[in-house]
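Colleague: Please show me the model, and then I will ask about its parts.

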Amino acid sequence: MLEGAKRSLRSEQVPKLTSLSIYRKKKPRKIMNPDDTIKNGPFSWRVETLLGSGGFGDVYKVYDEKNKAKHYALKTESEDGKKSMLRLKVEVKVFMTITEGRKTNPNGFKHFVEFVDRGKSEDLGCKFVVMSLVGPSLDDVRKKYGVTLNDRSTPYIVAIQSLEAVRDLHSVGFLHRDIKPANFAVGFGPTEPTVFMLDFGIGRSYLDPKTKQHRAPRKSVKFLGTLRYASRACIKGIDQGRKDDVECWIYMVFDIFDPEEGIVWKKVAGRDKITRAKEKFFEGKSKEAYKLVPYNLKTIVSYVDSLRFQSAPDYPFMINYLFTMSNQAGFPINDMNKGAWVGSLKNKKTGTGERTDKLSGSNDSDT
Ligand SMILES: Nc1ncnc2c1ncn2[C@@H]1O[C@H](COP(=O)(O)OP(=O)(O)OP(=O)(O)O)[C@@H](O)[C@H]1O
């Protein structure tokens with residue numbers, strides 16, 4: 001039933017460091033070209049362009065041949081990966097849970113893309129998922145489009161919207177476990193002012209499937225994520241809870257407020273040194289992190305540090321606090337749709353499809 005795009009397939013090795021400490025030899029991955037098509041039931045997904053590549057697959061801008069005007073994102077995952085690494089399955093599970101949540105809360109979940117289709121391509125040897133198209137990631141917004149995200153009320157707007165996304169994901173029982181600027185994107189077209197959460201590939205339910213109660217912590221857990229933004233527990237192999245997503249969110253917020261020095265371990269190499277730097281940060285010994293970050297954010301930092309494995313974070317407290325902070329800084333947020341990127345994404349600084357966070361730092365390795 002599925003037809004791949006045999007006509008113009010080419011094989012390409014997509015080089016990427018996929019593990020913390022080892023280079024794993026990967027089979028060449030088939031990449032689609034413009035006009036290649038994947039047929040799936042009522043849909044015929046035609047590729048317009050490659051949006052980006054991750055360690056496990058690629059993301060394309062596509063349209064359904066029946067309606068050329070509406071674009072979507074098609075994300076693939078090659079099937080030669082280790083079973084434990086099959087991330088698209090988790091991603092689909094999260095999408096379906098969000099879709100279910102929308103039935104009872106139609107106005108909620110605004111920070112999540114729509115799930116449109118999923119299937120398998122024998123020709124490409126991959127599974128795929130189709131979702132609504134969003135704009136560039138927060139990382140790309142500042143690096144490739146040169147938009148200043150740490151100006152006036154914008155860093156507060158980003159912080160609040162991204163925390164709302166974390167809150168909503170937690171509300172349906174999932175942890176993200178890879179919160180970072182590259183995994184949030186701004187919207188496209190009418191949704192441009194909205195910040196979207198992406199990439200649920202290493203997400204995990206924190207609820208026991210039978211009892212629906214919080215799971216007990218596992219004894220030890222293999223590191224998955226991005227060292228720079230990973231929580232202290234994650235790096236130490238300790239099982240993660242909602243507090244860990246919020247800890248990663250804190251690191252991301254510091255990075256948004258001060259891309260140079262907000263994360264003081266940005267130029268530090270090695271797990272142990274990074275963990276120590278994060279511990280110092282939470283002990284209040286990293287004054288340099290607050291050069292551009294308003295010092296009263298320390299209240300949220302201390303609050304997050306007080307959370308335990310099963311704690312339900314107080315999202316309203318943190319969101320209200322951010323509104324107050326913005327107000328006190330002289331930038332009252334009257335409209336959440338007024339982030340600095342809105343209407344400013346016309347010109348791209350660089351033309352590569354590469355993800356800049358993967359290129360910029362040796363410590364930002366993903367697994
Ligand atoms: N719905 C979407 N609309 C537009 N662009 C998207 C969408 N989903 C992902 N992208 C973009 O596609 C690129 C690759 O995304 P993906 O999540 O697969 O990559 P990744 O995070 O590098 O992968 P990984 O962390 O799994 O190695 C990123 O630049 C991302 O912003």
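Colleague: How far apart do the C-alpha centres of domain 1 and domain 2 lie?

Modeller: This is a predicted model, in which local features need pLDDT of at least 70 and side-chain atom pairs count only at pLDDT 80 or more, while totals for chains, interfaces and linings use all residues. Residues are numbered from 1 along each chain as its sequence is written. The chain is divided into domain 1 (37-132) and domain 2 (138-348), with bounds from an automatic or database domain assignment. The distance between their C-alpha centres is 25 Å.

Colleague: Where does the ligand lie relative to domain 1 and domain 2?

Modeller: The ligand has 20 residues around it, and Gly52, Gly54, Gly55, Val59 and Ala73 come nearest; a residue is near if its C-beta atom, placed from the backbone, lies within 6 Å. Both domain 1 and domain 2 give residues to this shell, so the ligand lies between them.

Colleague: Are helix 3 and helix 5 roughly parallel or roughly antiparallel to each other?

Modeller: Helices are DSSP runs (H or I, at least four residues), numbered from the N terminus. The axes, lines fitted to C-alpha atoms over the stretch in contact, with angles from 0 to 180 degrees between N-to-C directions, come within 10 Å and cross at roughly 165° for helix 3 (residues 154-171) and helix 5 (residues 242-257). Angles under 35 degrees count as roughly parallel, over 145 as roughly antiparallel, 65 to 115 as roughly perpendicular and the rest as oblique. Helix 3 and helix 5 are therefore roughly antiparallel.

Key:
Helix = DSSP H or I, 4+ residues; strand = E, 2+ residues; numbered from the N terminus.
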